[in-house]
Amino acid sequence: MSVEAERICADAEVARQARVRDAHLAAREEALALRAEAEAVLCAREAQLIQTQTALGTREVALDPRALAEGRARLAERERPVAAVEARTAAHRREADQVTAEVRTALARAIGEPVEAVMRALADREVEEARAGAAQQLRAASEGATPSEQVRCAKRLMGIAVGRFAGHYLTERHQSLVPVGKTPPGDDDLRAIEAVAKVTLTLTEGAVRIEGLDGVGREIARRALRRPGAVQEIAADLEREILELGRRAFATLEINRAHPDIVRLVGQLNFRTSYTQNQWKHAIEAAFLGGMIADELGLDRKLARRAALMHDIGKALTHELDGSHAVIGADYARRLGEAEVVANAIGAHHTDEPFNSPYAYLVAAADAMSGARPGARRQSEDNHTTKLADLERLTRGFPGVEEAFAVQGGREVRVYVREDRVDDLGAVNLSSRIAETISRELTFPGQIKVTVIRELCAVETAS
């Protein structure tokens, strides 16, 4: 075994030495290859350096010091007359500035005002004249242009619809105070009414104040205060009355009845007002107007009536849900199975949704016609007086305005200007500026006519 082991060890040693020699040879070959590569790179760098040095030498030969000196001398010779011209120009500029200052001083002394103020006044005058000229041209272009056939047709159809409709315009105002007799209801009765009507009742001297956003709840409370102890019966009777009002609306308009929840919402509009306009009557009126316009346009009259009748059903839910009544109503209509054209007309009548059909435009027009007609809605006297005062105050703030009066219930403002401060073109420009300012800063229904009056009075005394 020892002889065999020695032989194996000897073979292993021979193999090890052979591997060592191979490794040395491989490392030497790799080193030689790297050296050759480095020498090639070095040679290339040396050639590039020689080329660069040659180019530098050529440039040094080209840049002869004597040639440079001669070029500088020629440049200096050319600059001398330029410097003389610049000196003369600077002297003339100083003289001009001095003369200008003297003239400005003399002018200010002659007119008694600073020159800057005069220049600003002249600039403002130029701007005003330019604006007045532009306004005059715009007015001439507007007056000379004829309305499009579509506009004329739309006005004709709306006039026909308004002329054909006759409705009962009287409304009932919701009372917040309900008088009570000599024996006022007890606290238990008030709390029982509050629990059913979902309103707040406060006993005052000789009356009960009703507070709440739900018109139906306020009506239950009003009736229950006259019949204490029968609040549940009153609520049930009012529910039947609401359903009957909804059915009557659909029957009056001769259209198919909708989902019972929509019929109920339409009936609830009888106990909702907008600026004292009863919304149930407003919905029926808008439906009639929309149907008439649809007839003239060759559209489906019943579809137009249906969309216009439902356009404000969201107002019956605004005390329960946040958001626009148009969006709320459209969402309910879609969920309760109404056609998309009807739901879109509901949601778009206040531009909360895009107008996807002619019926959406039609419903918006019918709603505006019903709400904006004279006598449809009322405002408190104080609020109306404040709006008139704001209109006059805003108008009086323009330069040259001597006096302004709001007439025709605020539908027109008549502006009297000083003839020595506002000429004819300025009056045209002033009317446009006043109209733009009113549109931007005040909120009002319909339109406000701006009339600018410029009067020249020539007075002489004969003796």
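Visitor: How many cavities of 30 Å³ or more does the structure hold?
Guide: One. Keep in mind that this is a predicted model.

Visitor: What volume does the largest cavity have?
Guide: About 70 Å³.

Visitor: And which residues lie nearest its centre?
Guide: Asp214, Gly215, Lys315, Ala316 and His319. They belong to a lining of 11 residues.

Visitor: How does the lining of the largest cavity divide?
Guide: Four of its residues are nonpolar, four are polar and three are charged.

Visitor: Let's switch to pockets. What is the volume of the second largest pocket?
Guide: That pocket has a volume of about 380 Å³.

Visitor: How many residues line the second largest pocket?
Guide: The lining has 17 residues. Nearest the centre of this pocket lie Arg125, Glu128, Pro399, Arg421 and Val422.

Visitor: Which elements give two or more residues to that lining?
Guide: Helix H3, residues 115-144, and helix H15, residues 424-441.

Visitor: Which one gives the most?
Guide: H3 does, with six residues.

Visitor: How many of the lining residues of this pocket are charged?
Guide: Eight are charged. Another six are nonpolar, and three are polar.

Visitor: New topic: helices H7 and H8. Within what distance do their axes come?
Guide: The axes come within 7 Å. H7 covers residues 231-253, and H8 covers residues 260-268. They cross at roughly 100°. Angles of 65 to 115 degrees count as roughly perpendicular, so H7 is roughly perpendicular to H8.

Visitor: Which residues make the contact?
Guide: From H7, the contact is made by Glu239, Ile242, Leu243, Leu245, Gly246, Arg247, Ala249 and Phe250. From H8, Ile262, Val263, Arg264, Val266, Gly267 and Gln268 take part.

Visitor: How do the residues of that contact divide?
Guide: Eight are nonpolar, three are polar and three are charged.

Visitor: Last thing, confidence. What is the mean pLDDT of the chain?
Guide: The mean is 79. In the chain, 85% of the residues reach 70 or more.

Visitor: Where is the pLDDT below 50?
Guide: Residues 169-174 have a pLDDT below 50.

Visitor: How many contacts does this stretch have in the model?
Guide: It has 15 contacts beyond near neighbours in sequence.

Technical notes. Residues are numbered from 1 along each chain as its sequence is written. This is a predicted model: local features need pLDDT of at least 70, side-chain atom pairs count only at pLDDT 80 or more; totals for chains, interfaces and linings use all residues. Side-chain values use heavy atoms; hydrogens and water are left out. Axes are lines fitted to C-alpha atoms, for helices over the stretch in contact, and angles run from 0 to 180 degrees between N-to-C directions. Helices (H or I, at least four residues) and strands (E, at least two) are DSSP runs, numbered from the N terminus. Angles under 35 degrees count as roughly parallel, over 145 as roughly antiparallel, 65 to 115 as roughly perpendicular and the rest as oblique. Contact means heavy atoms within 4.5 Å. Ala, Val, Leu, Ile, Met, Phe, Trp, Tyr, Cys and Pro count as nonpolar, Asp, Glu, Lys and Arg as charged, and the others, Gly among them, as polar. pLDDT is the predictor's confidence in each residue, from 0 to 100. On a 1 Å grid over the protein atoms alone, a cavity is a set of points where a 1.4 Å probe fits but cannot get out, and a pocket is an open set with protein on both sides within 12 Å along at least five of seven lines; lining residues have an atom within 4 Å of a point. Grid points are joined across faces, edges and corners, and a volume is the space filled by probe spheres set on the points.
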